[in-house]
Amino acid sequence: MPPWEDFGTEGGLFRRLRTECAADWRAYTWHAFCRRLSDGSLSLVAFQNFLIQDYLFLIQFARAQALAVFKAEGLEAMREKTASIQAILAETTLHLTYCAEWGVPEATVRGTAESAETVSYTRYVIDRGLAGDILDLEVALAPCTVGYGEVALRILADPARKVQGNPYQGWIDAYAGEEYQKLARAAAARIDALGESHGGQARFPMLAATFGEAARLEQRFWQQGLDAAAA
């Protein structure tokens, strides 16, 4: 089994969702944007566009995690989600520094409007959380958290990967690193646990629809960077 297929447990909800949505999932986790990150050929314009929209995404992602606190199934889950919010808010500050290192000053980042792709993805996640319970929300969130972990593992195994002189190696290292991989695996395990406690089997068709749509929205999030470079 490739390492990127090892998230979640055999027979668990996460792997079932990934299998059910295999085509959309692969189109997201091995998008042309990701392949160009791997071989170092991604244009700077595409990456800068991604960095700006990713910052704006993080703000909405924190709001979705705040909703997860409200929807959480117990006190321990509330504590974990509160810690996630704090980590994301800290990441937004670090992200501004990272953007500056790539030639995008803070004023430019803060002054940029959310793209249609960013709005559609983040509000879809929040909408699923408002309309459903904690399992609906976590299934909508999982493609982002687990998917980036899978992208990094796919890059590490890519025969076309460029290591020496790859300008995006720092980004790859961050998501391939032990800390993020642990986070991604915890997110998949949480989906499996909630699947057991919140009737995932009976709700599978709707959950799969949510998971698949989130994967498609992730594809569009990557694509907007390539489109910006081509404009």
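**A walk along helix α5 and its surroundings**

Helix α5 is followed by Gly103, whose phi is positive, near 85 degrees. Helices here are DSSP runs of H or I with at least four residues, numbered from the N terminus. This is a predicted model, in which local features need pLDDT of at least 70, side-chain atom pairs count only at pLDDT 80 or more, and totals for chains, interfaces and linings use all residues. Residues are numbered from 1 along each chain as its sequence is written, and side-chain values use heavy atoms, with hydrogens and water left out.

Step back along α5 itself. The helix covers residues 75-101, 27 residues in all. From first C-alpha to last it reaches 39 Å, close to the 39 Å expected at 1.5 Å a residue. That expected span is 1.5 Å times one less than the number of residues. Its buried residues are Ala77, Lys81, Ile85, Ile88, Thr92, His95, Leu96 and Cys99. Buried means under 20% relative accessible area, with a 1.4 Å probe and protein chains only.

What covers them? The cover includes α4 (44-71), α6 (106-111), α8 (134-156) and α10 (178-197). Gln65 sits in α4. Gln65 is buried too, at a relative accessible area of 6%. Beyond its neighbours within four places in sequence, Gln65 contacts Lys81, Ser84, Ile85, Ile88 and Leu141. Contact means heavy atoms within 4.5 Å.

Now turn to α8 and α10. Two packed helices are described by the angle between their axes and the distance between the axes. The axes of α8 and α10 come within 9 Å and cross at roughly 145 degrees. Each axis is a line fitted to C-alpha atoms over the stretch in contact, and angles run from 0 to 180 degrees between N-to-C directions. Among the residues that meet are Leu135, Val139 and Tyr148 in α8, and Leu183, Ala187 and Ile191 in α10.

Leaving aside residues within four places in sequence, Trp171 contacts Leu37, Phe47, Phe50, Tyr98, Tyr148, Val151 and Trp222. Leu37 lies in helix α3 (residues 32-39). At 0% relative accessibility, Leu37 counts as buried.

Terms used:
Helix = DSSP H or I, 4+ residues; strand = E, 2+ residues; numbered from the N terminus. Buried < 20%, exposed > 50% of the residue type's maximum accessible area, 1.4 Å probe, protein only.
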